[in-house]
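Please open the model in your viewer and keep a selection tool at hand. The stops below move from the whole chain to single side chains.

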Amino acid sequence: MLSSGTSFGEASNGAVRFSVMSGRRIENVAILGGGPAGSSLATHLARRGLGVALFTRGKRPPIIVGESLLPAIVPHLRKLGVEKEVASFSRFKGGATFIFDQKGGMSFQFHDVPSVSTTYSYNVPRDRFDETLLEAARRAGAQQIHHSVGLEASEGEFLRLDEESREAARSALGADPDWIVDATGRSRLIANLLDLPAIVGDRRDAALHAHMEGVPMETEGNVHTDRLEHGWGWRIPLPDCVSVGLVVGDEFLHKFGNSSEEQFDAYLRADAVTREWARDARRTTPVIRYTNYQLRSERGCGPNWSLVGDAFGFVDPVFSSGMLIGLQSSEALAAAILKGTDRAFQKYERFVLRNLRVWQQVVGYYYNGRLLTLFRVGEYVRQTPPGRMMDFHFRRHMPRIFTGEGTTNPYSLGLVAFMCRYGLAGNDPRELEVH
Ligand SMILES: Cc1cc2nc3c(=O)[nH]c(=O)nc-3n(C[C@H](O)[C@H](O)[C@H](O)COP(=O)(O)OP(=O)(O)OC[C@H]3O[C@@H](n4cnc5c(N)ncnc54)[C@H](O)[C@@H]3O)c2cc1C
């Protein structure tokens with residue numbers, strides 16, 4: 001446990017930032033929350049011989065969002081040693097389809113993207129996916145503790161587990177943890193306890209999520225993003241059903257009924273795009289509602305703690321970036337914990353903040369209509385001689401953003417930003433804006 005001998009720096013606002021580990025290694029870590037971010041962090045640390053107490057909480061809702069994975073997540077699944085198992089219960093995902101309106105849309109397949117290193121991904125039932133990652137953590141040697149963990153502030157921004165959780169961690173690790181990681185997702189235990197500053201997104205949507213049978217798809221296996229008269233929706237094909245989401249202004253939805261079920265069923269029948277494909281579809285689960293999810297902390301580390309996954313920040317569901325950011329961040333955080341220095345934690349914090357900012361920027365191009373306009377312009381420019389010459393270059397860089405590989409590449413990102421600004425050939429992006 002960190003105590004005397006630990007010095008720590010101060011941020012410009014006087015808040016304590018990171019601990020300087022005074023040459024001490026972090027040996028025991030408490031991870032709060034066994035979702036994808038917490039479990040994968042546990043695996044990385046336990047494999048390197050650290051003591052890991054992984055706190056998990058019992059029941060979750062019958063269905064959970066986060067079912068469509070980006071191709072860039074696949075190398076992380078391989079490193080965790082779970083790709084084969086994930087493939088065995090998931091639906092192969094070969095590409096993405098964007099519906100602009102009832103007149104149509106466009107699809108692309110990942111294997112058509114030149115230079116992309118992973119050309120497929122998976123649509124996963126979240127209960128089995130989470131259990132697979134948790135089992136990998138247990139195999140690596142993490143000690144799972146079934147307990148709804150609590151925290152208390154000790155001195156300054158130092159934190160410790162509450163008494164019951166401390167006891168449980170001690171009996172699992174034989175010592176108190178010297179580092180605490182918040183991986184509790186939207187519970188955001190540390191951010192709430194310390195009232196950390198956060199950036200709140202400007203959408204006021206509710207996401208209504210259910211599973212359905214009999215939903216037709218334009219391209220089998222592809223994740224579908226439907227632009228609706230109000231908001232947008234997803235169709236994610238799973239092995240024996242389709243996950244359907246409606247992401248619509250929360251206030252607007254109240255016109256369609258009082259309960260989430262009434263709103264989901266009525267809006268599906270009312271919208272011009274969804275009523276086409278929902279004609280013979282049947283909902284097989286309750287409807288789960290998510291609101292206020294666009295939230296990212298401005299800080300991710302303190303003197304004896306860090307945040308990872310949604311507990312650090314979540315941007316928006318539209319490009320399925322959440323699980324990728326969670327797994328990328330857990331790997332980056334494991335590296336920082338193994339080093340245990342100020343610099344390493346600062347590097348981790350910068351990495352996640354940049355990642356979230358970049359995704360926020362790309363998501364903005366979807367909502368303001370620029371991205372869909374660009375896709376539409378691309379369809380006819382590609383038929384012209386100069387368009388044909390440029391096509392390979394654009395195909396090499398732009399779709400990589402949507403496989404998750406391009407967001408770390410400044411050129412791909414810059415090209416998307418440039419084209420969304422200057423490449424719309426005089427078309428008004430407001431026509432494809434998402435209301
Ligand atoms: C509407 C919507 C749609 C989305 N769709 C996608 C998608 O298609 N693809 C994608 O990649 N991402 C998607 N996401 C994002 C994705 O769901 C999250 O980014 C991902 O689940 C984050 O993983 P996590 O491990 O950080 O948090 P979580 O998955 O939320 O896991 C946190 C865990 O902590 C546990 N916990 C909480 N409090 C405690 C406590 N006190 N003690 C012990 N345990 C605790 C919880 O029970 C849970 O198991 C979507 C998000 C939303 C809101």
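What follows is a tour of a predicted model, taken one selection at a time.

**The whole chain.** Begin with everything selected and coloured by secondary structure, which comes to 14 helices and 22 strands. The radius of gyration is 22 Å, close to the 22 Å that the globule rule gives for 435 residues, so the chain is as compact as a globular protein of that length. If you orient the view along the principal axes, the C-alpha atoms fill a box of roughly 70 × 45 × 40 Å. Buried residues make up 59% of the 435 residues, and among the contacts with a separation of 6 or more, 73% join residues 24 or more positions apart.

**Surface and charge.** Colouring by charge brings up 51 positive and 50 negative side chains, the centres of the two sets lying 6 Å apart.

**Arg400.** Now select helix α13, residues 385-403, and pick out Arg400 within the helix. Is Arg400 buried or exposed? Arg400 is buried, yet has no salt bridge, and the nearest side chain of opposite charge, that of Glu405, is 4.0 Å away. Showing the surroundings of Arg400 brings up contacts beyond its neighbours within four places in sequence, including Val113, Ser115 and Val116, as well as Gly406, Asn409 and Ser412.

**Glu220 and Arg91.** Glu220 counts as exposed at 56% relative accessibility, whereas Arg91, at 24%, counts as partly exposed.

**Helix α4 and Arg138.** Move on to helix α4 (residues 126-140), in which Glu135 and Arg138 are 3 residues apart, about one turn of the helix. Glu135 forms a salt bridge with Arg138, their closest N and O atoms being 2.8 Å apart, and Glu131 also forms a salt bridge with Arg138, here at 2.6 Å. Relative accessibility is 38% for Glu131, 31% for Arg138 and 29% for Glu135, and each value counts as partly exposed.

**A last selection.** Finish by selecting Arg60, Arg126 and Asp130 together, which are linked in a network of salt bridges.

Note on methods:
Residues are numbered from 1 along each chain as its sequence is written. This is a predicted model: local features need pLDDT of at least 70, side-chain atom pairs count only at pLDDT 80 or more; totals for chains, interfaces and linings use all residues. Side-chain values use heavy atoms; hydrogens and water are left out. Helices (H or I, at least four residues) and strands (E, at least two) are DSSP runs, numbered from the N terminus. The radius of gyration is taken over C-alpha atoms; the globule rule is 2.2 Å times the number of residues to the power 0.38. Buried means under 20% relative accessible area, exposed over 50%, partly exposed in between (1.4 Å probe, protein chains only). Contact means heavy atoms within 4.5 Å. Lys and Arg count as positive and Asp and Glu as negative; His and the chain ends are not counted. The place of a charge is taken as NZ of Lys, CZ of Arg, CG of Asp or CD of Glu.
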